[in-house]
Amino acid sequence: MLDPTVLIVLVVVLALIFDFTNGWNDSANAIATVIGTRALTPFKALMLAATLNLAGAFFSTAVANTIAKGIVDPEYVTQLVIVATLVAAIIWNVVMTLMGLPISASHGLIGALVGAAVAFKGFAALQWSGIMMILVALLVSPILGAILSWLMMKLIRELFRNTAPSKVKRLFRPLQILSASFMSFSHGTSDAQKAMGIITLALITGGFIPDNGGVPLWVIASAGLAMALGTALGGWNVIKTLGMRLNHLNTAQGFAAETAAAVLLATISKIGIPVSTTHTLTGSIIGVGAAERVKSVRWGVAGKIVYAWVFTLPGTAVMSWLIYQVLSILE
C-alpha cells in the first residue's frame, strides 16, 4: 500500500498535468478564430488567452464541485481510481492534440472517471442523475452554439448588408479581439474547474479536507496556472483545424462564433454543469459558416472531429478501466 501523502501528491501532479494538456488542446478554442482571421498575431493571441484563462479560473467553482461530487460517490473512490482516471485522460488529450483533433477534455475526464470507478466498485459507484445531466449538456451545447452563432451572423449580415466588406472587416477586427478575450475568460472559467474538481475529490477521499469544505484557494490558483501554461504553449495542429481547415472565417464570423460560444460557456458554467468548450465553439464555427453557405463548411473535417468526440467517452472509460486493473495490485 502506497503512503497516502505520496498518493495525494501524485494525484495533484497528475491533475495539473491534465490541466496543462487540456490548455494545450483547448488553446485553439480561445484563439483559433482570431489567428485564422489575422486579427492578432499567434504570439499575442496565445498570451492574451493564457492570461485570461488564469483570470477565469477564479470566477466560479460550481463546475469543480459537480466534478468532485456529482459523477461518482466520493465514498466509492480511492486515490488509485483518481490516478487511473488522470493517466487515461492525459494520454487521450496528448494523442488527440498531436493528431490535430479538437476533443472534449470534459468527455475525456468524465469517461475516465466512470471507467476507473466501475473497475473499483462496479456501477453502484456512479451518480446517474449527475452523469445524465452532464451528458445532456455536452450533447446540447454544440447545437445551441450553432443556433446562436447562426442567428448572430444573420443579424450582422442584415445590419451591414449595405456596408463595404473592407469597412466591415476593419470594424470587426477590434470587436473580434474583445470576443476572443471573452472566450478565453469563459474557457478558464469552465475548463480549469475540471482539474480543481478532481483534486478536491482526492482531498475529500483522503480525508485532507471536509466534504463540505469547498475548493481550496491553492487548488484554484494552481489549476488556473497549469491551464494558462498549456494554452501559452499552444496546440498548433488543433488551432489550424479549427481556425483554418474547418471553415475559412472573416472577422465578423469570428466575432459571432466566439461571442456565441463564450456566452453559452459562461452561463452554463455558472450553473455548475461541465460542458465542452471544444464542442461549443466547433458548433458555433459551423453555425456561422452555415449562415453564409452550408457548403462553406468543410464537412469532411467536421466529420473527423465528430468521430473523435464519439470515441472519447468510451475510449477513455476503457483505457482507465484497464489502467486501474494494472494499478490495483498496489492496493
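Me: Let's start with residues 192-209: how much of the span is helix, and how far apart are the end C-alpha atoms?
Reply: That span is 78% helix and 0% strand, and its end C-alpha atoms lie 20 Å apart. Helices here are DSSP runs of H or I with at least four residues, strands are E runs of at least two, and both are numbered from the N terminus. This is a predicted model, with local features needing pLDDT of at least 70, side-chain atom pairs counting only at pLDDT 80 or more, and totals for chains, interfaces and linings using all residues. Residues are numbered from 1 along each chain as its sequence is written, and side-chain values use heavy atoms, leaving out hydrogens and water.

Me: What does UniProt say about 192-209?
Reply: The unreviewed UniProt entry gives it as a "transmembrane region", and 76-95 is also among the spans with that feature. UniProt positions follow the numbering used here, feature names are shortened, and annotations may be inferred rather than shown by experiment.

Me: And what about the chain over 76-95?
Reply: Residues 76-95 are 85% helix and 0% strand, with end C-alpha atoms 30 Å apart.

Me: Switching to H4, is it buried or exposed?
Reply: 15 of the 20 residues of H4 are buried, so this helix is largely enclosed by the rest of the structure. Buried means under 20% relative accessible area, exposed over 50%, and partly exposed in between, using a 1.4 Å probe and protein chains only.

Me: How does H4 pack with H5?
Reply: H4 (residues 79-98) and H5 (residues 105-121) pack at about 145°, and their axes are 8 Å apart. Axes are lines fitted to C-alpha atoms, for helices over the stretch in contact, and angles run from 0 to 180 degrees between N-to-C directions.

Me: Which residues make that contact?
Reply: On H4 they include Val81, Leu86 and Asn93, and on H5 they include Gly108, Leu113 and Phe120. Contact means heavy atoms within 4.5 Å.

Me: What about glycine 70, where does it sit?
Reply: Glycine 70 is in the loop between H3 (62-69) and H4, and is buried, at 17% relative accessible area.

Me: What does glycine 70 touch?
Reply: Leaving aside residues up to four places away in sequence, glycine 70 touches Asn65, Gln127, Gly130 and Ile131. Its C-alpha atom is also 8.6 Å from that of tryptophan 128, 58 residues apart along the chain.

Me: Last one: how many helices and strands are in the protein?
Reply: The protein has 12 helices and 0 strands.
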